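Hi,

Here is the structure I promised to pass on.

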Amino acid sequence: MHGHQPLYPPTESPTMDVKFGTTLIVIFSVMWLMRVNAIDPCASQPDNSDLNVIPIYSKCSPFKPPKADTWDNRIINMASKDPVRVKYLSTLVSQKTVSTAPIASGQAFNIGNYVVRVKLGTPGQLLFMVLDTSTDEAFVPCSGCTGCSDTTFSPKASTSYGPLDCSVPQCGQVRGLSCPATGTGACSFNQSYAGSSFSATLVQDALRLATDVIPYYSFGCVNAITGASVPAQGLLGLGRGPLSLLSQSGSNYSGIFSYCLPSFKSYYFSGSLKLGPVGQPKSIRTTPLLRSPHRPSLYYVNFTGISVGRVLVPFPSEYLGFNPNTGSGTIIDSGTVITRFVEPVYNAVREEFRKQVGGTTFTSIGAFDTCFVKTYETLAPPITLHFEGLDLKLPLENSLIHSSAGSLACLAMAAAPDNVNSVLNVIANFQQQNLRILFDIVNNKVGIAREVCN
C-alpha cells in the first residue's frame, strides 16, 4: 500500500447559498418531485431556479430506451462501445495549425449518460444537453440540420442570436476550423466525435443555467451530422480549453465545478453538478491536477497504482506514468462507462482478482471478461485506486456489475483498445458512483470524497 490516508467520511449536504455559484440538482425521486409540483413531477421550479441533470433514459428525459430494455443490459451495451470513446479521447490533440477534419460515417455510440436541462437564446429554448468533461466546445443541432433529431435550436426565434465570422478570436480556438484564406466569412468547422462527424458554424447566444445567464456564449450551430454518436440535443463541454463552459463564464465560477454521479442500481437516479466554489465540500482529500499540452482539454491525474485486496498489483511504472509531451497517463472522464486500463495493467489486475475469487469458472458478457457465479461475490476482493495524496477504495457497487438475470457478477473494468495512439488510462463514471469529484482548475487539484447521492 502507499501509506496515504483514506478518503474523508461522507460529506454532509451543504446549505445552498448560491450567488453566482450555480448548483445543478439531479432529481429523480418521484415523492420529492411531487412535493415540488403536484401536477408534473418533471416540471421546472416556478421561478426557473433549478437546473436538473438527469440520466438520458430517466422518466423526465425526452430520450426513451429501447423497449423491454433493462438498466444492466443498457450499461453492458454502452460499455461495449467505450473503445470508440477511448479512441476519440486519444485524438484530442492540441491544434497547432488550422486543419479540417474529414466528415465520415461512424459507429453508433451512446455517450449520453447524463444530460442537463438548459435554455438557449432569448426567449430561452429548452434543450437537454449531454455533459462531457473531455470536450471544450458546446454544440447543438440547429434548424434545417441534415441527419439531426427533430428537436433543434431555432436561431431565427432568438433575439439575442448572432453569427461569428473568421475574424473573431473565438474562431481561431475551435478544432477543425475551415476559414477562407482571404476575407472574413462564416466561422465554419468540421469535427469528429466518438466515431461520428458533424459540420457546424460558430455562433453566439445567451445560455441560461438555472438563474445564471452567460450572455455571449459561443457554440457550434450544427448543420449536418454523419453517424449516430453525436448527442441528439447537443453537448455542453466542461473541458479545460478556451471555449469550455468554465472559460467562457470568466470569473463567475472561479474555475471550480464538481459532480456526484448516482448509483446505476436505482431506476430513479439522483445526483448533482455544482458550478463555482459555493456549496462545495469543505473537507475533501485532493490530488494534483495535471495538464498535457498534447491533449489540453483532458483532466489528468497522477495515478500511481492499484491494489486488489491487500495485494499491490505489480506492473512497469511506464504504463501509468504521465508524459505531458505524448499525452500518455490517466484521466478522469464523465463520458466513458467503465474504467479502462492499458492491456498489461488490466491483465495484471484481472489475474489477481480471479486468483483471489478462486474456485469458480469465469465467463464473458460483452465487454466484461471476468464474470462469475454471484454466490462467489462474497469472495470478491475490494479494489483500491492509488493517486498521489489519496487512496480510493471502491465499494462493490463500483467494481462489480450483475447480469440482467442476476445470476452472474462481473468485474466492471476492461482493457483499453489497442488502437489508441498512446498510453491512456480512463477512470470512468461507473467507478465514480456516489463520490463527489471536485475539479479546481485555478489551483490545479482534483478532490474526491464519499457522498451518497442516490
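Let me start with the link between Cys-145 and Cys-148: the torsion about its S-S bond is about 45°, so this disulfide is right-handed. By disulfide I mean a pair of cysteine sulfur atoms within 2.5 Å. In this one the distance from S to S is 1.8 Å. Cys-145 counts as buried because its relative accessibility is 15%, and Cys-148 counts as buried at 19%. For these labels, buried is under 20% relative accessible area, exposed is over 50%, and partly exposed is in between (1.4 Å probe, protein chains only).

Before you go further, please keep in mind that this is a predicted model, where local features need pLDDT of at least 70 and side-chain atom pairs count only at pLDDT 80 or more, while totals for chains, interfaces and linings use all residues. Residues are numbered from 1 along each chain as its sequence is written, and side-chain values use heavy atoms, with hydrogens and water left out.

How many disulfides does a search of the whole structure find? It finds four; here are two others.

Cys-171 is joined to Cys-187, S to S 2.1 Å. The torsion about that S-S bond is about 105°, so this link is right-handed. The pair ties together distant parts of the chain, 16 residues apart: Cys-171 sits in the loop between strand 6 (162-163) and strand 7 (177-178), and Cys-187 in the loop between strand 7 and strand 8 (188-193). Strands here are DSSP runs (E, at least two residues; helices are H or I, at least four), numbered from the N terminus. Cys-171 has 0% relative accessibility and therefore counts as buried; Cys-187, at 0%, counts as buried too.

Then there is Cys-142 with Cys-221, whose sulfur atoms are 1.9 Å apart. This link is left-handed, with -130° about the S-S bond. It connects distant parts of the chain, with Cys-142 in strand 5 (residues 139-146) and Cys-221 in strand 10 (residues 212-226), 79 residues apart. Both Cys-142 and Cys-221 are buried.

One more residue for you to click on is Pro-141, which lies in strand 5. Pro-141 is buried, with a relative accessible area of 3%. Leaving out residues up to four places away in sequence, Pro-141 touches Cys-148, Thr-151, Thr-152 and Phe-153, as well as Val-222, Ala-232, Gln-233 and Gly-234. A contact means heavy atoms within 4.5 Å. The C-alpha atoms of Pro-141 and Thr-151 are 7.8 Å apart, and the two residues are 10 residues apart along the chain.

Cheers
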